[in-house]
Amino acid sequence: QVQLVESGGGSVQPGGSLRLSCAASGSIFSINDMGWYRQAPGKERELVAAITHGGSTNYADSVKGRFTISRDNAINTVYLQMNSLKPDDTAVYYCNAYLDYGLGYEVDYWGQGTQVTVSS
């Protein structure tokens, strides 16, 4: 059994910062890509940022230059540093991880989500 546990969400004023963390635990051999998605009310879930095991990153255009994704492979944790937050960033943020079970077989897992609210 594998769990992804997120933390760090909350409420912040526009221009503020938050740092999200997501720790994977359980039966883990190796984790390939990890990422953060978000879903605002009435909208589809969208990719915010992703990072490979080797550290290559990919960002949604809307967050480039403001958000930074990073990971610590030793503790199976991915982070999302969010700066210059805007009201449009308000959403539930979900952590995602692709676990490698060898021979090209991988399974993706999701966290439970953490609310981020940006409002004055």
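A residue is called exposed when its relative accessible area is over 50%, buried when that area is under 20%, and partly exposed in between. Keep in mind that this is a predicted model.

By that cut-off D61 is exposed, because its relative accessible area is 64%. Its side chain meets that of K64 in a salt bridge, at 3.1 Å from N to O. The structure has 4 salt bridges.

Next, D89 and R66. Their side chains form a salt bridge at 2.8 Å, N to O. This pair joins distant parts of the chain: D89 sits in the loop between β8 and β9, R66 in the loop between β6 and β7, and they are 23 residues apart. D89 is buried, at 1% relative accessible area, and R66 is buried too, at 11%.

Then E46 and R38, whose side chains meet in a salt bridge at 2.7 Å, N to O. Here E46 counts as partly exposed, with 35% relative accessibility, while R38 counts as buried, with 7%. R38, E46, R66 and D89 are linked in a network of salt bridges.

Now the core. Which residues of the largest nonpolar core touch the most other members? They are W36, L80, M82 and Y93, out of 30 residues. Strands that each supply at least two residues of this core include β1, β3, β4 and β11. The largest share, 5 residues, comes from β9.

Leaving aside residues up to four places away in sequence, the contacts of Y93 include W36, L80 and M82. Among its other contacts are R38, E6 and G113.

Conventions
Residues numbered from 1 in each chain as written. Predicted model: local features only at pLDDT ≥ 70, side-chain atom pairs only at ≥ 80, totals over all residues. Heavy atoms only, no water. Core = buried A, V, L, I, M, F, W, Y, C linked by side-chain atoms within 4.5 Å. Buried < 20%, exposed > 50% of the residue type's maximum accessible area, 1.4 Å probe, protein only. Helix = DSSP H or I, 4+ residues; strand = E, 2+ residues; numbered from the N terminus. Contact = heavy atoms within 4.5 Å.
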